[in-house]
Amino acid sequence: MFFAGSLKQKQGASISNLNTVGSEPKSFRLTLKDIFLCSILTVSVLVIFGEAIKFPPRSDHWTAFYLFNHVEAGWRGLVRVGSYYLFGHPRFQPCSHLVLYASYILVNPSFYLHNIFHLSLFTLILISFYILLKAALDSRVLSFLFTAHFMSALAHFDIVIWSYHTDLLIGILCLLLSIMCTTSFLCSDREPGSHLLTADILL
């Protein structure tokens, strides 16, 4: 009885210590210094990748345009776009061409707006990446340096400057935001609700 009671007290103390973090993770809150560093990242994106806004559609983009010009209206057309396989290679990417198709309908024929939207997604990814790193490392300087390295990595330059891959950026951004929502729930004493529901939707 005494052992069970002491164990219960220890568990209660552990839970109370976890809940002292607050209703929101303190490290997720942006200060003026964080906003300043995120502004530097945004300006850096414009300096490094700004010329990509002028790039016309190329390569696989034109194959998708051919499909969009010949697809029928209605649900049958959406199913055809969603199940389209480039060059006949089967891949399960139902949202890939649907994102491009939505952009084609909304901003056609101006590809500038689509390129701006594409770079905006990449900027939001960098900001989310910085926020998550700051929460894990508890250091603005290291988080900013790692984010800057991630921004300038040559491995994904093609994804950033080639707006055909907009669906990949949307997926990465949703993944980062879902991690933030899940972490916010784990660091709070709230009942499972909006945080987990938002994380599930994003995933």
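**View 1. Overview of the predicted chain.** Of the chain's 203 residues, 34% count as buried, where buried means under 20% relative accessible area, exposed over 50%, and partly exposed in between (1.4 Å probe, protein chains only). This is a predicted model, in which local features need pLDDT of at least 70, side-chain atom pairs count only at pLDDT 80 or more, and totals for chains, interfaces and linings use all residues. Residues are numbered from 1 along each chain as its sequence is written, and side-chain values use heavy atoms, with hydrogens and water left out. The chain has 10 helices and 0 strands; helices (H or I, at least four residues) and strands (E, at least two) are DSSP runs, numbered from the N terminus.

**View 2. The nonpolar surface patch.** L137, V141, L142, L145 and F146 form a nonpolar surface patch of about 470 Å². Accessible areas come from the Shrake-Rupley method with a 1.4 Å probe, and for residues only the protein chains shown count as cover. Helix α7 (residues 140–151) gives the most to this patch, with 4 residues.

**View 3. V141 in helix α7.** V141 lies in helix α7. This residue counts as exposed because its relative accessibility is 57%.

**View 4. S39 and T123.** S39 belongs to helix α2 (residues 32–49). With 36% relative accessibility, S39 counts as partly exposed. Although S39 and T123 are 84 residues apart along the chain, their C-alpha atoms are separated by 9.9 Å.

Note on methods: Patch = residues over 30% accessible without salt bridge, like charges linked within 9 Å, V, L, I, M, F, W, Y side chains within 5 Å. Salt bridge = Lys/Arg side-chain N within 4 Å of Asp/Glu carboxyl O.
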